[in-house]
Structures are given as C-alpha cells and as structure tokens.
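Visitor: I would like to go through this model by question and answer. Please show it first.

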Amino acid sequence: MHILKKTVIAISCFVCPIAAQASENYISVGATHLGGNDVSASGGGFSWASFGSKEQNVGFIVTSSLAKEDVDGIGIGDVNNLFIPYRGTLKVFDINVGPIFKVQNLSWLRLYPLIGISHANVELCIDNNCASDSKNEFNYGVGLQLDIPTTNIYTEFNIKRVMGDFNKTNMYFGVGYHLSNTFD
C-alpha cells in the first residue's frame, strides 16, 4: 500500500497547481463495478479532467475508484470433509492517469486512454483465524465523456483491465459537472 500512497501524493502534487490555472475542469462521481472469475465487487469512484483553455483539444485526466465485496460461505475442510464456514472481504483501489482529447466537430464528446495501478487486498477468515494478502497490479483502459445538451452536466463511462494474477475488469459510470473559468 505504500507505493499506492506515494503515487497518490505524487499525482496530487503535480495536478493541484495545474488545476488552479486550468480554464476548463470536468469533475464526475459515480459507481464502479469490478467483475470476472467469481468476483462481483461494487463501489464508487471519481474522475477529474482538465484543459488549459477552451481552445485546447488535449488535456489530462485522473480517475480513481474503490470496489468492495464481502463473501460468506461454507467450504470443505480437512480429510474428514467437514463443512467449515468462512467469510472474506475483497477491496480494490485504483488510480489512473492519461491524456484526454476533445473530438473536433463533436464538441459534446471527449475520449481518453488510461494507465494506472490497482491495489487489491483480500482478507479471509475461517472460524476466528484470519489471513490477508495484498497485491499491486498494472491496469489500462479507455473512457469517454458525453455532454448533455444545453447544460454543464455530462455522463462518463470508462472500462479498465487489471493485469497480472488478479486479471479482472473494472467499469465506471459517472455523472459530472463542467466547471469553466471565466477569468480568461
């Protein structure tokens, strides 16, 4: 988790001064779902995109999400095939960055690729004996933002693939607001 904390701090130090000077900011919050291979974790997330001016067609975007799944079940235990109750929790946090592009002649559409890191933490308890494991994995994805006509509101969707041993897909759907700096 230390690498993830350092990554968040480094991105914040880079992003905050740029955001204060940016002319156009797009901020969304929404729901996220992580799925694949018997995993169905849900949670929330956000994204923030920034362009230096209205005329710029290339900006940058930062996204993050947290998904969690609690599992209760009964497994087969020792050589006597006893049924043993267990409970577990999976938490996956990710942070991603990338460029974002305004599509010429389609002012209501913005597209972006993403790269980032996902941190997965699994805790499993059988009776009162608990064990946990965590892992950092690389992820990549794509997304889009669609403006709702005559408003400053937009919808956003992105999908990310978590690589390595974890090998899951994370989807995000959000609603956002376009903040425009009028000091230009």
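Visitor: Is isoleucine 153 buried, partly exposed or exposed?
Guide: Take the cut-offs first: buried is under 20% relative accessible area, exposed is over 50%, and partly exposed lies in between, with a 1.4 Å probe and protein chains only. Isoleucine 153 sits in strand β7. Its relative accessible area is 35%, so isoleucine 153 is partly exposed.

Visitor: What kind of model is this, and how are residues numbered?
Guide: This is a predicted model, where local features need pLDDT of at least 70, side-chain atom pairs count only at pLDDT 80 or more, and totals for chains, interfaces and linings use all residues. Side-chain values use heavy atoms, without hydrogens and water, and residues are numbered from 1 along each chain as its sequence is written.

Visitor: Which element gives the most residues to the nonpolar patch?
Guide: A patch takes residues with over 30% relative accessible area and no salt bridge; like charges are joined within 9 Å, and nonpolar side chains (Val, Leu, Ile, Met, Phe, Trp, Tyr) within 5 Å. The nonpolar patch here includes Ile27, Ile153, Phe157 and Tyr177, and its members together have about 900 Å² of accessible area (Shrake-Rupley method, 1.4 Å probe, with only the protein chains shown as cover for residues). Two elements give two or more residues to the nonpolar patch: β7 (153–162) and β8 (169–180). The one that gives the most, with five residues, is β8.

Visitor: How are strands assigned?
Guide: Helices (H or I, at least four residues) and strands (E, at least two) are runs numbered from the N terminus. The method behind these runs is DSSP.

Visitor: How many salt bridges does a search of the whole structure find?
Guide: Side chains of opposite charge can pair when their charged atoms come close. The criterion is a side-chain nitrogen of Lys or Arg within 4 Å of a carboxyl oxygen of Asp or Glu. Searching the whole structure gives three.

Visitor: How many residues apart in sequence are the parts tied together by lysine 102 and glutamate 24?
Guide: In this salt bridge, the closest N and O atoms are 2.5 Å apart. Lysine 102 is buried at 17%, and glutamate 24 is buried at 4%. Lysine 102 lies in β4 and glutamate 24 in β1 (residues 24–36), so the pair ties together parts separated in sequence by 78 residues.

Visitor: What is the relative accessibility of arginine 110?
Guide: Arginine 110 forms a salt bridge with aspartate 147, with closest N and O atoms 2.7 Å apart. Aspartate 147 is partly exposed at 26%. Arginine 110 counts as buried, at 1%.

Visitor: How much space lies in the largest pocket?
Guide: A pocket, on a 1 Å grid over the protein atoms alone, is an open set of points where a 1.4 Å probe fits, with protein on both sides within 12 Å along at least five of seven lines; lining residues have an atom within 4 Å of a point. Volume is the space filled by probe spheres set on the points, which are joined across faces, edges and corners. The largest pocket holds about 330 Å³.

Visitor: Which residues lie closest to the centre of the largest pocket?
Guide: The lining of the largest pocket has 15 residues, and the closest to its centre are Thr89, Leu90, Val122, Glu123 and Phe166.
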